[in-house]
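Me: I have a chain open on my screen and would like to walk through it with you. Could you take my questions one at a time?

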Amino acid sequence: MLLRRMYKKKCQQGKGFFHSVEDWINPVIDAKITSKKNQKKSLNNNQDEERFCFSKASLLDDYFFYPQHVMEADAKFEESIRICDTMEYCDTLTVTSGLLQNPDEFFDLMETVTRGGFLTHPCYVSWKGGSSNNDKISLNSSPSSCWSWEVPNWFASMGYYSLSTWIAHKLEQAIWKKYYQTNKLDPRDPSKRTKKDKVYPSTPNTTGL
């Protein structure tokens, strides 16, 4: 599970931030770090081959800064996360019941952890791979074709993020998915939807995250 690998990396390396392999390396930061050979070596050694990179917080102080209350919110949210078994071993993320007992506290915490972006824009789903035309699915769909949920806009624009922020973006995807299912709404982007597109299945057992 990706989350477990990320958590293990943080425990091994200490306080720090994650960033995707695609974003590695930021040209501006790379240019400044070039003169600091030891720091650059440490950053390169932290690259994970399985979809993420990790940089120690001490190496990023010159590039961005979060106040203490933000880091405390990240730590509180991380401590409230639980990994459970639903259909497979450790396949479900949830939060402690204590955090949900006070909705205002939960939303305030999520607002901070997501850097002000929580639920500000809908997450939509789209068909990836093969054809989205209902009449041609059996001929043109590849084995890897699947429904894919968009990441929240606020997360897509982030370069570096804490473990709590990464978890929050997955939780927001799940919230939007449940919202569409509960209200029987089409989760595809209305601005891109056509009558010939593949229809998203509305069964309760649909997995898209």
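This is a predicted model: local features need pLDDT of at least 70, side-chain atom pairs count only at pLDDT 80 or more; totals for chains, interfaces and linings use all residues.

Me: Is Gly16 buried or exposed?
Reply: The cut-off for buried is under 20% relative accessible area. Gly16 has 13% relative accessibility, so the residue counts as buried.

Me: What distance separates the C-alpha atoms of Gly16 and Leu59?
Reply: Along the chain, Gly16 and Leu59 are 43 residues apart.

Me: How do the axes of helix H4 and helix H6 cross, and is H4 parallel or oblique to H6?
Reply: Two packed helices are described by the angle between their axes and the distance between the axes. Here H4 (residues 68–80) and H6 (residues 103–113) have axes that come within 9 Å and cross at roughly 120°. That angle makes H4, relative to H6, oblique.

Me: Which residues of H4 and H6 make the contact, and how many of them are nonpolar, polar and charged?
Reply: The crossing of H4 and H6 is left-handed. H4 contributes Val70, Ala73, Asp74, Lys76 and Phe77, while H6 brings Glu105, Leu109, Met110, Thr112 and Val113. Sorted by class, the contact of H4 with H6 has six nonpolar residues, one polar and three charged.

Me: What does Ser80 touch, not counting residues up to four places away in sequence?
Reply: Ser80 sits in helix H4. With a relative accessible area of 7%, Ser80 is buried. Not counting residues up to four places away in sequence, Ser80 touches Thr94, Val95, Thr96 and Leu99.

Me: What is Trp166 in contact with, leaving aside its neighbours within four places in sequence?
Reply: Leaving aside neighbours within four places in sequence, the partners of Trp166 are Leu2, Leu3, Met6, Phe155 and Tyr161.

Me: Where does Cys90 lie, and what is its phi?
Reply: Most residues other than glycine have a negative phi. Cys90 lies in the loop between strand E3 (81–84) and strand E4 (92–95), and at 14% relative accessibility Cys90 counts as buried. Its phi is positive, near 50°.

Me: And what is the phi of Leu119?
Reply: Leu119 is found in the loop between H6 and strand E5 (125–128). Leu119 is partly exposed, with a relative accessible area of 30%. Although Leu119 is not a glycine, its phi is positive, at about 60°.

Me: To finish, what percentage of the residues of the chain count as buried?
Reply: The chain contains nine helices and six strands. Of its 209 residues, the buried percentage is 36%.

Key:
Residues are numbered from 1 along each chain as its sequence is written. Side-chain values use heavy atoms; hydrogens and water are left out. Axes are lines fitted to C-alpha atoms, for helices over the stretch in contact, and angles run from 0 to 180 degrees between N-to-C directions. Helices (H or I, at least four residues) and strands (E, at least two) are DSSP runs, numbered from the N terminus. Angles under 35 degrees count as roughly parallel, over 145 as roughly antiparallel, 65 to 115 as roughly perpendicular and the rest as oblique. A crossing is left-handed if the near helix is turned anticlockwise from the far one by less than a right angle, and right-handed if clockwise. Contact means heavy atoms within 4.5 Å. Ala, Val, Leu, Ile, Met, Phe, Trp, Tyr, Cys and Pro count as nonpolar, Asp, Glu, Lys and Arg as charged, and the others, Gly among them, as polar. Buried means under 20% relative accessible area, exposed over 50%, partly exposed in between (1.4 Å probe, protein chains only).
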